[in-house]
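Subject: Structure handover

Hi,

Here is the structure I promised to pass on. Please have a look, then read the notes below.

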Amino acid sequence: MAALGAWGSAAVPARLSRVARTLWGWRARRGLGQDAGAADEGRAAKPAFADEAVQNLLYKMTGLNLQKVFRPVKKELKPPKYKLMTEAQLEEATRKAIEEAKEKLIMPPVLNEREPIDDVLAEDKFLEGTETAKYVFTDLTYSIPHRERFIVVREPNGVLRKATWEERDRMIQIFFPKEGRRVIPPVIFKDEHLVTVFQQDRHEDILNMCIAQFEPDSPDYIRVHHRTYDDIEKHAKYDLLRSTRHFGGMVWYLVNRKKTDGLLIDMIHRDLLDDATNLITLYHMLHPECQSANEAKERKLQGVDLIKIFVKTESQREGYIQLALQAYEEAMATSTAS
Amino acid sequence: GGRLLKGYRGGHVVIRFALGGCTNRPFYRIVAAHSRRARDGKYLEQLGCLDPLPNAHGERVAGLNLERLRHWLGCGAQLSRPAEKLLGLAGFLPLHPMTVTGAERLRRRAQEAVTPPADG
């Protein structure tokens, strides 16, 4: 294994960019057959995560807090650079910063869990007893995408089968290492250790680590994300993820499971009424058969009325939301009066 | 003093294993080289690797650059016997007949080890 290092490290930067493009090319590329099929049905029956309209709504809700997006990441200490700029130059710099922030806020894909691979290529029963350990063969051809790479396992009982997803991920990380990913997933992703992470309010960090370590359709990725979202929803810590790229995924998860009350209350408390209306629009897009969706479509409601209809029909914590709405309206009245 | 370029008379390209690693820790590189070169000497291209010792998950990891392997086989390279056996196990080539024969011999020897003590 030591001899591999020198051989592999020379071409790492090219591979990294190629792998990064492959990872985020989910929407543009052919993708998995099941995903494409689901998206096609989705346009008629149910909107998928990657639809334009859904993405627009989620992006608006994510917010764009430049201070938080460009928060100092722990890097080498360098003295700060000061520049003297005119107003026009400052506007230009802010515009560029907003564009860079938009890139940082691209949402990672939300996919269904991948089907386990169970394919036998050959059965040679007479080989039984000759070997004690299995052989894992990886195709190291440089120009094929990792999803199409051949990774086969020859078991000691002579069966030649395709490797499981976990074996595939491990082998690909050994031969084509990606930055931030380890061959064996760190222990922190186990459930008992995630609790400690949540107590320290480091949801965003663990989600970034999870994106670096796992593939988006692996069961571990989905499990870690769902635990994080559940914990945030339980303790109403929505602001931790606002203005990060994980906010859209969290909203999608909550809306699919109809647990939107806490988020709605949080938005009203922070006077983000536009976000609240976007949230309810998304809810209606995903659950068109519910009562509030029908009423809203009939009467073509906008703004605060939409929220009120939603609160009356769909929410569990009506009282809280009504109180919050009342407080907001009083605050609006006093501010306009004064 | 050595020369930079070694000229051979005859010889052909072979795909074989070059041994590396340390004491009691072998590591093979699957390599396309001239047949007259030293086993671990200068090679034309590295086509893969094989770690014969099982790792923490009980697997022997092997990597094969099939595209370049096909290229060299197309250029008329020959294979050494262990390389043929490995590619047979991988499924790239059909199983080597000696693998089958070796398995049969092992089974026969195991049976003979069992039955004569039963008889004798």
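Y238(A), R242(A) and V255(A) supply 42% of what domain 2 of chain A buries against domain 3 of chain A, more than any other three residues.

A word on the basis. This is a predicted model, where local features need pLDDT of at least 70, side-chain atom pairs count only at pLDDT 80 or more, and totals for chains, interfaces and linings use all residues. Residues are numbered from 1 along each chain as its sequence is written, chains are lettered from A and ligands numbered from 1 in the order written, and side-chain values use heavy atoms, leaving out hydrogens and water.

The domain assignment, automatic or from a database, gives chain A domain 1 (120-175), domain 2 (185-257) and domain 3 (258-337). The C-alpha centres of domains 2 and 3 of chain A lie 26 Å apart. Their contact (heavy atoms within 4.5 Å) takes 12 residues from domain 2 of chain A and 14 residues from domain 3 of chain A.

How many salt bridges cross the interface of domain 2 of chain A and domain 3 of chain A? The rule (a side-chain nitrogen of Lys or Arg within 4 Å of a carboxyl oxygen of Asp or Glu) finds three. D266(A) forms a salt bridge with R242(A), with the closest N and O atoms 3.2 Å apart.

Best wishes

Methods: Buried area = accessible area lost by both parts, 1.4 Å probe.
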